[in-house]
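Please read the following note alongside the sequence and the model.

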Amino acid sequence: NFLVSREPPHRPILLDFGLTKLLSSSVKHALAKMFLAAAEGDHVALLSAFAEMGLKLRLDMPEQAMEVTNVFFRATTPATEALENMKSLAEQRAKNMKIIQEKMKLDKKQVKRFNPIDAFPGDIVIFSRVLNLLRGLSSSMNVRISYLSIMRPFAESVLKSDMIHGPSSNPKWVYDSPVHSDVEAKLRRFLVDLGNADRILGIQVCAYKDGQVIIDTAAGVLGKYDPRPVQPDSLFPVFSVTKGVTAGMVHWLVDKGKLKLDENVANIWPEFGINGKDQIKVNHILNHTAGLHNALAGIAEEDPMLICDWDECLKRIAVVAPETEPGREQLYHYLSYGWLCGGIIEHASGKRFQDIMEEAFVRPLNVEGEFYIGIPPGVESRLATLTLDTSDLGRLATKPDTNRSSPISTSSISTTLPSSFTFEMVAGIIPLSNTLNVRRAILPAANGHFSARALARYYATLVDGGVVPPRRTSSSLPPLGSHTHHPKFLSKKMSINKKDGSKKDTNGSTSHESDFYIRIPETDDTSEEVDTKIFTHLKTKTHDAFLGSGDYKDFIIPNGKFGLGFKRVQTTNGSIIGFGHSGIGGSTGYCDINNRFAISVTLNKLSFGALTGEIIRFVCSELHLPVPQDYAGSQEFIQKPVIN
């Protein structure tokens, strides 16, 4: 509370501090994050900030949440404009309530009583009161004040002060979880060294050997402006690592007798068999020899958000024409691969893509909540945010690689993108990939959101021919598979017991908060563990099917870098040791067949892939395992970056 002196220079006269509230550092961080998210239109960061501050919504309406937050931080208006401004806000509120009414199927009486907010933290009440008092004061003085311009530097300062990236200044930089082996203990020390050299922002590494977890490490922070620690259950966007999972879904349907590898796609997907595509077979799609490598390549130029429209993209790719004869040349289908495989999966199964993914892998592998292609609402608080290692990827802007073109490179584990792919294009992908619309989209070529431990479990299953490892092979918390795969929002028919926090529906059944956001894990007793097999007919031929070898050798281009959906992992002497897939910036997953070894790396500071190579070489060296050719030497990444 203060007065202002009448005489120039009109000094403020402090009376007292009035009603005050000391905010904790976590609440200050959440408020700053909420403010910057609203300023930049970042829906993911906004919902994450809500979760951090304890603000819970009863339904998923990110667009409306953004609008309300912008109203919260809106500029003040002079008293002469106040009436018109309030009228505009009332109209917007009525529009939002109309959307809520339609979404929740409420009648007019119910919508008047419905509150979309389930929990509103007290600290925010005080903060909003201060803003409203200032807004009223500014209005009465007929001045226009922009909260955005005034508060932004303070919000950025709060976040930067919390950003203790490196291990040297942050003793909890490596997440506190059990050490599974001597190799993991050594790896953690190695990661600390890399972190101190500013090579790592956030990272997860998980590895299986002989069906057991030997590494499950998380370190660093979730984002450049998100100092929360990376945990074992954090979700990382992994780009083309996704293709290896999509390929597995096609093979799963083959195993179930829903389709054949040498079957014409048009037999499965009738709309596809036009414009010269009638002879394209399933194996051509998996082997990147369908001649559709540039299909829908310019879709983002027409409308950046069009790639998020799954059904529209399937319609469009069904009518494109191939550029080369099917089966003749291996040309990397960097984006079209996802829609081609996705259309096959849906038409062969008669089910939605994500339903098949859950049936084939999520539930059998017990990776609920950590294995998505297109995230559901409710997991935003666990998302890592991508950023560029500009000192590394910046070399794309100054040193073009004349060897890089659409045809498969001779060495990159994740193959290559078109020769026109530039630093500016990579830089443009990052903000787009961080948006909520893209993260929620079904993009089976590039939109996987996995934890490293879920991805490693997937490859540990494939390396054993589809036999799922025992559930309790890792004691890292929270336990793998403990999250609800589709978090639920409170329904309009739920009532809350204020005494114990339980919720009761109209049928009288009671559940607790944990039922809506986390599933209590089952007992650790594995004495009666029964082997789960995701493949029943392929059995010992699974590896041949993935690699395009043995009985499947005629389904692929000879000496190509791809098998049937997976990159063939080989050593420097040309020996094929396994299969996998990696993505732009360094995330990867692969397995070594003979050594029953599977490893995954997920990270959020995107680079050429040299960092991933150092980690792979370190682990393989400690375990005396062969190193994949693409990770065999650091100089290779300078010449042929791992980006796709």
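**Note on the predicted model**

1. Of the protein's 644 residues, 53% count as buried, where buried means under 20% relative accessible area, exposed over 50%, and partly exposed in between (1.4 Å probe, protein chains only). This is a predicted model, in which local features need pLDDT of at least 70 and side-chain atom pairs count only at pLDDT 80 or more, while totals for chains, interfaces and linings use all residues. Residues are numbered from 1 along each chain as its sequence is written, and side-chain values use heavy atoms, with hydrogens and water left out.

2. The protein contains 24 helices and 21 strands; these are DSSP runs, helices being H or I of at least four residues and strands E of at least two, numbered from the N terminus. Its accessible surface is about 28400 Å², and 54% of this belongs to carbon and sulfur atoms (Shrake-Rupley method, 1.4 Å probe).

3. A contact means heavy atoms within 4.5 Å. Among contacts between residues at least 6 apart in sequence, 71% join residues at least 24 apart.

4. The expected span is 1.5 Å times one less than the number of residues. The buried residues of α1 include V27, H29 and the run A30, L31, A32 and K33. Just after α1, G41 adopts a positive phi of about 70 degrees.

5. How do helices α2 and α3 cross? The axes of α2 (residues 43–53) and α3 (residues 62–72) come within 10 Å and cross at roughly 75 degrees, so α2 is roughly perpendicular to α3 (a class covering 65 to 115 degrees). Axes are lines fitted to C-alpha atoms over the stretch in contact, and angles run from 0 to 180 degrees between N-to-C directions. Here H43, L46, L47 and F50 in α2 meet P62, E63, A65, M66 and T69 in α3.

6. Helix α9 (residues 241–255) has 15 residues and reaches 22 Å from its first C-alpha to its last, close to the expected 21 Å. Because 15 of its 15 residues are buried, α9 is largely enclosed by the rest of the structure. Just after α9, G257 takes a positive phi of about 80 degrees.

7. Is H288 buried or exposed? H288 lies in the loop between α11 (282–286) and α12 (299–302), and is buried, with a relative accessible area of 0%. Not counting residues up to four places away in sequence, H288 touches E329, Q330, L331, Y332, H333, Y337 and F562.

Terms used
Parallel < 35°, antiparallel > 145°, perpendicular 65-115°, else oblique.
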